[in-house]
Amino acid sequence: MTVEVALSIMAGAGVEHLLLCDGDDERTGSVTRAELAVHRDSSAYTDRVRLRDVLCAPRPVVARHR
């Protein structure tokens, strides 16, 4: 799945987190809409970047407001 598709699904569902699973439906992690937005806004981003590529990269630090 690409970052664009993931962001679209998250926006449509109105959720901030996406749970990630492997081929056996075992949870492998999660990603937030804010984390994906940071990757989307980077200079290295293209619309072909896949979630697995983002998850292998160092995770960005995202400020959270309370």
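Let's begin with T2, which sits in the segment before α1 (3-13). Helices here are DSSP runs of H or I with at least four residues, strands are runs of E with at least two, and both are numbered from the N terminus. This is a predicted model, where local features need pLDDT of at least 70 and side-chain atom pairs count only at pLDDT 80 or more, while totals for chains, interfaces and linings use all residues. Residues are numbered from 1 along each chain as its sequence is written, and side-chain values use heavy atoms, with hydrogens and water left out.

Is T2 buried or exposed? T2 has a relative accessible area of 17%, so T2 counts as buried (buried is under 20% relative accessible area, exposed over 50%, partly exposed in between, with a 1.4 Å probe and protein chains only). A polar atom of the T2 side chain lies 3.2 Å from the backbone nitrogen of V5. Leaving out residues up to four places away in sequence, T2 touches D47, R48, V49, R50 and L51 (contact means heavy atoms within 4.5 Å).

## The overall layout

Now zoom out. The protein has three helices and two strands, and from the N terminus on they run α-β-β-α-α. Of the 66 residues in the protein, 26% are buried. Among contacts with a separation of 6 or more, 48% are between residues 24 or more positions apart.

## The nonpolar core

Which residues form the largest nonpolar core? There are twelve of them: V3, A6, L7, M10, L18, L20, V31, L36, Y45, V49, L51 and V54. Such a core is a set of buried Ala, Val, Leu, Ile, Met, Phe, Trp, Tyr and Cys residues joined through side-chain atoms within 4.5 Å. The elements giving two or more residues to this core are α1, β1 and α3, and α1 has the largest share, with four residues.

Take Y45 from that list. Not counting residues up to four places away in sequence, Y45 touches V3, E4, H39 and R40.

## Two residues in the α2–α3 loop

R50 lies in the loop between α2 (33-40) and α3. With a relative accessible area of 29%, R50 is partly exposed. Its contacts, leaving aside neighbours within four places in sequence, are M1, T2 and V3. R50 and V5 are 45 residues apart along the chain, and their C-alpha atoms are separated by 9.1 Å.

T46 is also placed in the loop between α2 and α3. Its relative accessible area is 41%, so T46 is partly exposed. From C-alpha to C-alpha, T46 and V3 are 9.3 Å apart in space, and they are 43 residues apart in sequence.

Most residues other than glycine have a negative phi. D25 is not a glycine, yet D25 has a positive phi of about 60°. You'll find D25 in the loop between β1 and β2 (27-32). D25 has 64% relative accessibility, so D25 counts as exposed.

## The largest pocket

Rolling a probe the size of a water molecule over the atoms shows where empty space is left. A pocket is an open set of points, on a 1 Å grid over the protein atoms alone, where a 1.4 Å probe fits, with protein on both sides within 12 Å along at least five of seven lines. How much space lies in the largest pocket? About 180 Å³.

Its lining consists of M1, L18, L19, L20, C21, D22, T28, R50, L51, R52 and L55 (lining residues have an atom within 4 Å of a point). β1 (17-21) and α3 (51-56) each supply at least two of the lining residues, and β1 gives the most, with four. By class, the lining has seven nonpolar, one polar and three charged residues (Ala, Val, Leu, Ile, Met, Phe, Trp, Tyr, Cys and Pro count as nonpolar, Asp, Glu, Lys and Arg as charged, and the others, Gly among them, as polar).

Technical notes. Grid points are joined across faces, edges and corners, and a volume is the space filled by probe spheres set on the points. A polar contact is a pair of N or O atoms within 3.5 Å; within protein, one must be able to donate a hydrogen and the other to accept it, and residues adjacent in sequence count only if both atoms are side-chain atoms.
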